Every structure is written in structure tokens, then in C-alpha cells.
Amino acid sequence: MSETLENLYSETRQFPPPAALAAEANVKAEAYERATADRLGFWEQQAERLTWAKRWEQTLDWSNPPFAKWFVGGELNIAYNCVDRHVEAGLGDKVAIHWEGEPGDTRSITYADLLKSVSQAANTLTELGVTAGDRVAIYLPMIPEAAVAMLACARIGALHSVVFGGFSVDALATRIQDADAKVVITADGGYRRGKPSALKPTVDEAVAQCPSIEHVLVVRRTGEDVTWGEKDLWWHETVEQASEKHEPKAFDSEHPLFILYTSGTTGKPKGILHTTGGYLTQVSYTYNAVFDLKPETDVFWCTADIGWVTGHSYIVYGPLSNGATQIMYEGTPDTPHKGRFWEIVDKYKVTILYTAPTLIRTMMKWGDDIPAKYDLSSLRLLGSVGEPINPEAWMWYRANVGHDSCPIVDTWWQTETGGIMISPLPGVTSTKPGSAMTPLPGISADVVDDQAESVPDGGGGFLVLREPWPSMLRTIWGDDQRFIDTYWSRFGKGAGTGDEWIYFAGDGAKKDEDGALWLLGRVDDVMLVSGHNISTTEVESALVSHPSVAEAAVVGATDPTTGQAIVAFTIPRGNVDTAGDAGEKLIQDLRNHVAKKLGPIAKPRQIMLVAELPKTRSGKIMRRLLRDVAENRSLGDVTTLQDSTVMDLISSGMQGSKSED
Ligand code: ATP
Ligand code: MG
């Protein structure tokens with residue numbers, strides 16, 4: 001790839017923060033100045049928001065890069081910070097989690113309830129022989145026990161490795177083996193798409209291949225029959241009978257907290273390791289700053305699964321360390337009907353909603369009339385994470401969910417970064433649809449060319465982080481060399497150039513004329529068309545800006561004349577007629593529409609109208625598989641795919657036009 005990425009798309013719409021929100025905002029513009037003047041001092045102030053058993057002696061030790069230590073010498077207990085201290089402050093009766101099961105059953109769990117359950121689970125794990133530094137695999141549906149299990153591990157200093165409940169035997173077994181876990185916490189099953197979906201058989205098969213597992217702790221959720229082995233223990237017969245008293249011990253700031261495998265969009269997942277003090281500092285701070293939480297009045301809902309980093313940082317550790325009240329939902333957005341999400345917002349009067357572009361585009365496809373049936377007036381702030389959000393999807397979210405008045409925070413971060421890195425501050429930033437805007441105070445993100453030189457405003461290139469940050473990954477579990485090779489060897493000292501250690505995130509980005517940051521997708525996906533580096537995101541966003549399109553994925557396929565040519569897979573909106581000639585006409589319209597928005601260089605060679613796109617379990621588009629289709633190759637690794645039948649549909653139904661001009 002040559003120096004930079006093209007900047008083709010320009011956006012003129014801009015939305016200042018609502019005046020009332022700005023006046024009362026948790027974080028104001030001065031935070032940027034404070035952090036720039038004294039970055040480490042700024043992070044110390046954020047660490048002071050937590051309760052430490054022993055104060056740190058050194059804020060950052062960066063003497064052995066790229067291995068960072070934050071708040072060196074400090075000691076704290078994460079579970080104490082997320083639970084006990086709120087109860088001690090008199091908030092025991094406050095609801096921590098309003099849980100909504102897919103069949104409609106509900107539970108409301110107060111901070112006092114949480115303290116009781118976490119203490120009981122900590123006692124049980126200890127009785128089972130789990131001690132600080134041991135690994136515990138968690139393979140659960142979206143039930144409160146998932147949060148309890150994570151906090152119980154943190155409380156006794158054991159590392160959790162949460163594995164998404166939709167993953168297969170192999171995916172679970174390889175993660176258990178890689179972490180050498182001692183215990184698995186699971187359930188008989190959970191509810192998905194209107195029926196019980198078993199988990200225990202998958203665990204049984206996986207555990208048969210994992211001699212390190214000594215005990216399997218099983219939550220009874222569905223009540224379906226399960227096969228019982230000698231390692232199995234019921235949660236209700238152990239945890240729920242255990243002592244409710246547990247004294248939390250303080251752990252070193254760099255004590256490991258969890259391993260989490262990345263979602264596998266680009267290939268084999270990596271076991272990302274996070275530690276204690278720095279992680280909680282940044283996650284807790286960013287939650288307060290970006291979502292502007294008012295703990296007395298807000299009702300927060302993050303729709304991510306606990307199996308992803310978003311669930312770790314912004315369902316468990318961020319909200320609970322701030323004493324928030326939040327919603328946790330077990331099921332899918334279309335069960336029993338396509339309005340389920342909006343029904344939940346309406347029922348619990350949710351004020352802050354954090355979701356993913358894939359969901360927003362799905363809701364666009366289903367139609368505006370669905371959210372319109374519900375009272376969404378309680379919402380005051382909306383967030384997005386996981387992929388670039390197309391400007392049109394952003395506008396749809398604002399109009400149809402945010403009643404044209406909620407600020408939207410588009411938050412860029414990764415499993416590796418642990419917490420939010422680039423995002424508007426809702427009371428400060430004038431947002432632009434589709435842009436993550438600016439690095440948060442204390443974060444030093446930049447866009448560089450292939451010489452690691454900062455690109456000027458208006459230029460595109462590689463997204464890098466120039467300074468260590470508190471919630472950064474510490475390594476890849478068991479593989480320091482892979483950690484260095486993957487993240488630190490593209491630019492700077494790790495690549496043998498310059499004196500700086502530069503973290504390369506793997507994503508492309510640009511700075512617009514005002515210096516705002518736009519994420520442009522993964523650099524592996526960038527298309528090289530007639531000598532121009534074109535991002536998939538810009539072409540996809542141009543397609544989604546057409547009123548007939550709900551979602552699009554774009555890839556570069558080998559082309560004899562242009563090197564690579566743009567091939568687009570496009571999902572029409574629900575009401576659009578695509579039969580016969582209408583479909584052909586739409587395809588021509590779309591090609592011209594892209595050329596008009598971005599210039600002739602970006603005109604797709606080929607557009608396919610499809611009903612679905614290949615996505616990871618976390619809902620991200622997997623472009624590498626579409627590239628295989630576009631180039632008529634056999635498919636690469638499909639194990640992290642949400643629904644493998646999608647690929648058959650796409651390959652067989654390639655009704656698309658190949659145009660000559
Ligand atoms: P793998 O690294 O295994 O391929 P993954 O990168 O999808 O998987 P995650 O850590 O869950 O795993 O996702 C982080 C990535 O998601 C980012 O590097 C970026 O590509 C994308 N991303 C997250 N938030 C945003 C956002 N707000 N805008 C644009 N892209 C985003
Ligand atoms: Mg990644």
C-alpha cells in the first residue's frame with residue numbers, strides 16, 4: 001500500500017451539543033487543556049475516582065516498552081469498587097441491573113443483592129480451589145450471573161476468560177486450553193429466538209478435550225434436561241448456599257484481571273490481557289465522561305453481549321464502578337417482534353442507549369414505522385461502537401431513535417485498548433454524522449503516512465497511538481512476541497525506525513478539513529484502484545446514503561485494467577422492489593450515485609443485491625469472505641461467522657450486473 005488513503009467523502013452537517021446538556025455536562029472543554037498540559041497528572045486525577053487500598057508510587061512505568069505498568073505499587077479490589085463501596089455509601093437499595101429475559105421474565109437486582117451474590121460466588125470459587133492468578137472460563141447467556149461470575153473472579157484475583165455463548169465446541173475448547181482454565185461457569189442454556197438454546201452439551205464436549213478443567217459450575221436457566229458428570233455442580237446448590245460474607249483483598253495495580261479473545265474479524269483471535277488499576281481507571285472515567293452519566297436519574301442500556309469487550313467495559317466495569325442503573329437483555333432484537341428493543345426502552349424509560357451500527361442498519365432495513373410505535377422520549381444520549389457508522393445510519397439513528405435531539409457519541413476503541421479512545425464528549429463536541437471526532441482527553445491518537453509522519457488535515461492514512469494509555473492491553477496471553485509483532489512493529493522503534501514506540505491499531509482513518517477523525521475500516525480491506533487507496537467505508541457510506549439501501553459491504557477484487565476493482569454487496573431497504581428490470585435499474589442508479597458522491601474513481605465495477613451479509617458473532621461485516629466470493633475463490637476460515645448459510649446464499653444468488661464502462 002502506498003503512502004496515504006484517499007479522502008473522498010465530505011460532510012457538512014454538524015450538530016452542536018444541546019445547551020442544557022452542555023451546561024450540566026460531567027466533563028467540559030477544559031479537560032482537554034488539563035490533559036494536554038499534564039497527561040500523567042490528568043490520569044492520576046481519574047485514578048482518584050476509584051477507592052484504593054494503597055496509593056500508587058509511580059503513575060506510569062514505561063521503562064520496558066511496549067510493556068507498560070500503570071499506577072505502580074498501588075493496590076485495589078475491583079469488585080469492591082464496583083459493588084461494596086456503593087452499598088457502604090448507602091446505595092444498597094438502588095437497582096444495579098434491570099434484567100429482561102427473552103421470554104419476558106424479569107429480575108431487578110440491587111447493589112445489595114449484587115454484593116450478596118458476588119460474595120457467595122467468591123466463596124464458592126475459593127472452596128473449589130480457585131486462587132489469585134488462576135483462570136476461570138465463563139460461557140453464559142446474558143443473565144445476571146454472567147456479571148456476578150466476572151465480579152467474583154475479580155474479587156479473588158482470578159482471571160476470567162469470557163467466551164461468547166454462541167461459540168462452538170472448538171472455539172470454547174481452544175480458548176480454555178490457551179488460558180489453561182481450571183473452572184468453567186456455564187448454564188443449562190439460555191433463550192434465543194423464542195426457544196431454549198442449550199449450552200451445557202457444548203461445554204460437556206469441550207471439557208472432554210480440556211484436562212485442566214476441574215469443575216463445571218452450572219446455572220439453571222431454562223430447566224431443560226442436562227447430562228450430569230462428576231465435575232458438574234449446580235450454581236443454586238453451591239453459590240446460592242454459600243456464606244454471604246466475603247472480605248475483599250486488595251490486589252496489585254498490575255495484577256491481571258481478564259483475558260479476552262478479539263472477535264476474529266480478520267483471522268485467528270488473540271488472547272488480550274488486561275490488568276487491574278489502569279483498566280478500571282480508564283473504563284470508569286470514560287464511562288462517566290462519554291455517557292455523561294447522572295447516577296440518580298439515568299437508566300443506561302448497552303446492547304452488547306458480555307462476551308465482547310464492550311460488555312466487559314460498558315456493562316460490567318464502567319457502569320458498576322460508577323454506581324449506574326442499567327438494563328441487561330437476554331435475547332435477540334426481533335423476538336417476539338421487531339419492536340422488542342424499543343419496547344424495552346419505553347418500558348424502563350432508558351435514557352442512554354449504546355449499540356452497534358449493524359443493529360442500526362438492521363433497524364433501518366426493517367423500517368421507520370417500528371420505532372415510531374413506541375415512546376422513546378426518555379432517551380437523551382445515544383452511542384455507537386464496533387464499526388464505522390455510515391453518515392446516513394447516524395442520521396437515521398438521530399431522527400428515528402433520538403427524536404432529532406439526542407447527541408450521538410461514535411466511540412472508537414478495541415479489545416486491545418480496553419476502553420474508549422476516540423469519541424465526542426456529549427457536552428462539548430459539535431458532532432458530524434459518521435465521525436468519531438477527537439481523541440478523549442489524555443489520549444494521543446494520530447493519523448500517519450507510511451513513514452509515521454502525521455498527515456495534514458484533509459489527509460488519510462494509518463491510525464496510531466503515540467503514548468501509552470491506562471487501559472491498554474499488557475500483552476497477548478502467553479505470547480509476548482506476537483504482542484510486539486502485531487501491534488508495535490509497523491511504525492517507530494519496534495519497526496527499527498525512530499525513538500518512539502508507536503501502537504498501530506490496524507485501522508485506516510482520515511482527518512477532515514477541521515481535523516476531525518473519521519475511521520475508514522481496516523487497512524487490510526483498503527482497495528487499490530488505479531493507484532488510489534480507497535477505503536471500503538467511504539464507498540459503503542455512499543451506497544447507504546442512497547434511499548433504497550440499508551446496508552452495504554465493499555471489497556476490492558483483482559482487475560486486469562485497474563489492479564483492483566470495487567465490488568459491492570448491497571442490502572436494499574425493506575420496501576424496495578428489486579425484481580427483474582427494477583433490480584437492474586437500481587444497480588445502475590447505485591453505481592452512478594457512488595460516482596457522483598465520491599468521484600468516478602470510486603464507481604463500483606459490480607454491484608450485487610443480497611439479502612444478508614456475512615458477519616462475525618459480534619455483528620461486524622467480514623469482508624475477507626466477500627473478497628473470496630468476488631474473486632471466485634474457495635472460502636477462508638468461517639468459524640467466527642454468525643451464520644454460515646449466508647455465504648451459500650450469496651455465492652449462489654449472485655444476481656448482479658457487471659458493467660462495462
Ligand atoms: P480481530 O482483531 O480479531 O480481527 P476485531 O478487530 O473485530 O477482531 P474488536 O476488538 O471487537 O475485534 O473490534 C475492534 C475494531 O472494531 C476496531 O479496530 C475497528 O476496526 C472497529 N471499530 C470499533 N469501534 C469503531 C468505531 N466507532 N468506528 C469505526 N470502527 C470501529
Ligand atoms: Mg482487531
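This is a predicted model: local features need pLDDT of at least 70, side-chain atom pairs count only at pLDDT 80 or more; totals for chains, interfaces and linings use all residues.
Residues are numbered from 1 along each chain as its sequence is written, chains are lettered from A and ligands numbered from 1 in the order written, and side-chain values use heavy atoms, with hydrogens and water left out.

Okay, the ligand. There are 21 residues around ligand 1, with Thr 262, Thr 265, Thr 266, Thr 415 and Lys 620 the closest; a residue counts if one of its heavy atoms lies within 4 Å. Sorted by class, that shell has seven charged, nine polar and five nonpolar residues.

Now the polar contacts, meaning pairs of N or O atoms within 3.5 Å. The side chain of Asp 410 puts an N or O atom 2.7 Å from a nitrogen of ligand 1. Asp 507 has a polar side-chain atom 2.7 Å from an oxygen of the ligand. With Glu 387, a polar backbone atom sits 3.3 Å from a ligand nitrogen. And the protein covers 94% of the 630 Å² of accessible area that ligand 1 has on its own (Shrake-Rupley method, 1.4 Å probe).

On to the cysteines. How many disulfides are there? Zero, by the rule used here, which asks for two cysteine sulfur atoms within 2.5 Å. Take Cys 153: its closest cysteine sulfur, in Cys 82, is 13 Å away, so that's too far for a bond. For Cys 210 the closest is Cys 153, at 17 Å, also too far. Cys 153 is buried at 0% relative accessible area (buried means under 20%, with a 1.4 Å probe and protein chains only), and Cys 210 is buried at 1%.

Technical notes
A polar contact is a pair of N or O atoms within 3.5 Å; within protein, one must be able to donate a hydrogen and the other to accept it, and residues adjacent in sequence count only if both atoms are side-chain atoms. Ala, Val, Leu, Ile, Met, Phe, Trp, Tyr, Cys and Pro count as nonpolar, Asp, Glu, Lys and Arg as charged, and the others, Gly among them, as polar. Buried means under 20% relative accessible area, exposed over 50%, partly exposed in between (1.4 Å probe, protein chains only).
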